[in-house]
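Let's take a walk through this structure together. Have a look at it first, and then we will go from one part to the next.

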Amino acid sequence: MLRPAIELREKLASGLPVVGMMATDHVWPLLVEICRKAGLDYLVIDREHGYHPDEVVAHVCQVARLAGFPVLMRTVSCEMSELRRAVDLGPCGVLLPCVDSTRQLDMAREALLMPPRGKRRPGGMGNYWMRNVHYSTWRDEFEEHFIVIPQIETRAGVENVETIANHPLVTALGLGPYDLSADLGCCWDPANADHKAAIERITQAAHAAGKKLWIGVDGPALIAQGYTFLWVGTVSSVLVNGLAAKIDEIRQGKRSSATEQAGPPPA
């Protein structure tokens, strides 16, 4: 059974903050355990902009499966071959970039669901989620829990966001603020009136459909605005910011609460 996906869905439904991270430049199996130990709720492997090979992605998904930790994958596109290959590697959900209309979601459904609802031919590491390969098991224990998050990143996506949000395949909506600003002609100006209006429309569409909006990266500010499905940056940005804070702490002669709680180094 797709237990990590089920638990992530339950967390989203609770209304409590659900916090994850994007792995764009760096992906390795131990990252799953690091994320879990740090208290994150999920990890997204970014294959749209990352160069991660299948073998590494499959291994990360395997570790996540054994650890009961949700790992999603951002794919290159909604194309049939791309999504079928992505699911075979074993994530418990996908983040779909640059979704402009429900036509792309219909294509995704064809790739993600078994016949008669779709055209997927399962294989690879994704098979190891399953206790058997009967259709009813795929449908009830895999497909019904698999997470699908379309990212709204264009003017066309905003114009169609209400129908996208209500598509039955969609678990939550995703926001791509930088690409959206570029498509709106205000790259990068998050305070631009058109950009702010677009995000508000996306937010309202998600709420009206009874779904969360995946958004980042200023967690405290976003929580204050009522958002609960958050990502806090990429592995690279979190690492750089954490190291910068640690160096500043050393140079300023300060000790943070994190330092005090870390415990002694291993012998």
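The sulfur of Cys 98 lies 8.9 Å from the closest cysteine sulfur, that of Cys 78, which is too far for a bond; a disulfide is a pair of cysteine sulfur atoms within 2.5 Å. A search of the whole structure finds zero disulfides. Cys 98 is partly exposed, at 34% relative accessible area, and Cys 187 is partly exposed too, at 44%. Here buried means under 20% relative accessible area, exposed means over 50%, and partly exposed is in between, using a 1.4 Å probe and protein chains only.

A word on what you are looking at: this is a predicted model, in which local features need pLDDT of at least 70 and side-chain atom pairs count only at pLDDT 80 or more, while totals for chains, interfaces and linings use all residues. Residues are numbered from 1 along each chain as its sequence is written, and side-chain values use heavy atoms, with hydrogens and water left out.

Now let's turn to the interior. In soluble globular proteins, nonpolar side chains tend to be buried together. A nonpolar core is a set of buried Ala, Val, Leu, Ile, Met, Phe, Trp, Tyr and Cys residues joined through side-chain atoms within 4.5 Å. The largest one here has 57 residues, and Tyr 42, Leu 96, Leu 112, Leu 173 and Ile 202 have the most contacts inside it. Helix α10 (residues 193–208) gives this core its largest share, five residues. Apart from it lies another core of 21 residues, among them Cys 35, Leu 40, Ala 58 and Phe 69. Helices are DSSP runs of H or I with at least four residues, numbered from the N terminus.

Next, find helix α6 (residues 135–143), whose buried residues are Thr 137, Trp 138, Glu 141, Phe 142 and Glu 143. They cover an arc of only 155° around the axis, so they sit on the same side of α6; the arc is that of the directions from the helix axis to the C-beta atoms. What covers them includes α4 (80–88) and α5 (102–112), where contact means heavy atoms within 4.5 Å.

Finally, visit Ser 14, in helix α1 (residues 3–14). Its relative accessibility is 44%, so Ser 14 counts as partly exposed.

Terms used. Helices (H or I, at least four residues) and strands (E, at least two) are DSSP runs, numbered from the N terminus.
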